[in-house]
Amino acid sequence: MNKDCITNSRLEETGFSYTMSLIQGKYKMYILYTLMEFGVVRFNEMQKYIGTITFKTLSTTLKQLEADGLVHREEYPQIPPKVEYSLTEKGKSLMPILDQMCEWGDLHRQ
């Protein structure tokens, strides 16, 4: 019975697959964590905080997260240019999951 059940199911049609499509990638979770911890963050601050991310990778990943509706980009018309990033409501709704991952990591890393 279970074999028939899995045979007729498709992982890509699940909520799990959709969630993974939004957060999967080397730095997406790091960016979301940074915004969860610090709220509104400027590009250079985020790059320094994450440390190992290149300018191009951060820029590309932020654009992906913005296109997926998880991150909001606010550009201010001033010189020098000022751009800030924050979580959208959709992005904030992921935070309980991210909090649980942090708690799990704190509990098991020792």
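User: What makes up the lining of the largest pocket, by nonpolar, polar and charged residues?

Analyst: The lining of the largest pocket divides into six nonpolar, two polar and five charged residues. Ala, Val, Leu, Ile, Met, Phe, Trp, Tyr, Cys and Pro count as nonpolar, Asp, Glu, Lys and Arg as charged, and the others, Gly among them, as polar. The model is predicted, so local features need pLDDT of at least 70 and side-chain atom pairs pLDDT 80 or more, while totals for chains, interfaces and linings use all residues. Residues are numbered from 1 along each chain as its sequence is written, and side-chain values use heavy atoms, without hydrogens and water.

User: What is the volume of the largest pocket, and which residues are closest to its centre?

Analyst: The volume is about 260 Å³. Of the 13 lining residues, Phe43, Phe55, Arg73, Val83 and Tyr85 are the closest to the centre. Helix H4 (43–50), H5 and E3 each give two or more residues to this lining, and H5 gives the most, with five.

User: Why is one space called a pocket and another a cavity?

Analyst: On a 1 Å grid over the protein atoms alone, a cavity is a set of points where a 1.4 Å probe fits but cannot get out, whereas a pocket is an open set with protein on both sides within 12 Å along at least five of seven lines; lining residues have an atom within 4 Å of a point. One cavity of 30 Å³ or more is found in the whole structure. The largest cavity holds about 50 Å³, and its lining is Ile23, Met29, Leu32, Leu94, Met95, Ile97, Leu98 and Met101. The lining has eight nonpolar residues, no polar and no charged. H7 (95–108) and H3 (28–38) each supply at least two of the lining residues, H7 giving the most, with four.

User: How do you know how H3 and H5 are oriented to each other?

Analyst: The axes of H3 and H5 (residues 55–67) come within 10 Å and cross at roughly 75 degrees. Angles of 65 to 115 degrees count as roughly perpendicular, and the two helices are therefore roughly perpendicular to each other. Lys28, Ile31 and Leu32 of H3 make the contact (heavy atoms within 4.5 Å) with Leu58, Thr61, Leu62, Gln64 and Leu65 of H5.

User: Why do E1 and E2 count as edge strands?

Analyst: The open sheet has the order E1-E3-E2, with antiparallel pairing. E1 (41–42) and E2 (71–76) each have a single partner strand, so one side of each is left without a neighbour in the sheet. Strands pair if DSSP finds at least two bridges between them, and two bridges join E1 to E3 (residues 82–87). Val41 stands opposite Tyr85 in E3.

How values were computed
Grid points are joined across faces, edges and corners, and a volume is the space filled by probe spheres set on the points. Axes are lines fitted to C-alpha atoms, for helices over the stretch in contact, and angles run from 0 to 180 degrees between N-to-C directions. Angles under 35 degrees count as roughly parallel, over 145 as roughly antiparallel, 65 to 115 as roughly perpendicular and the rest as oblique.
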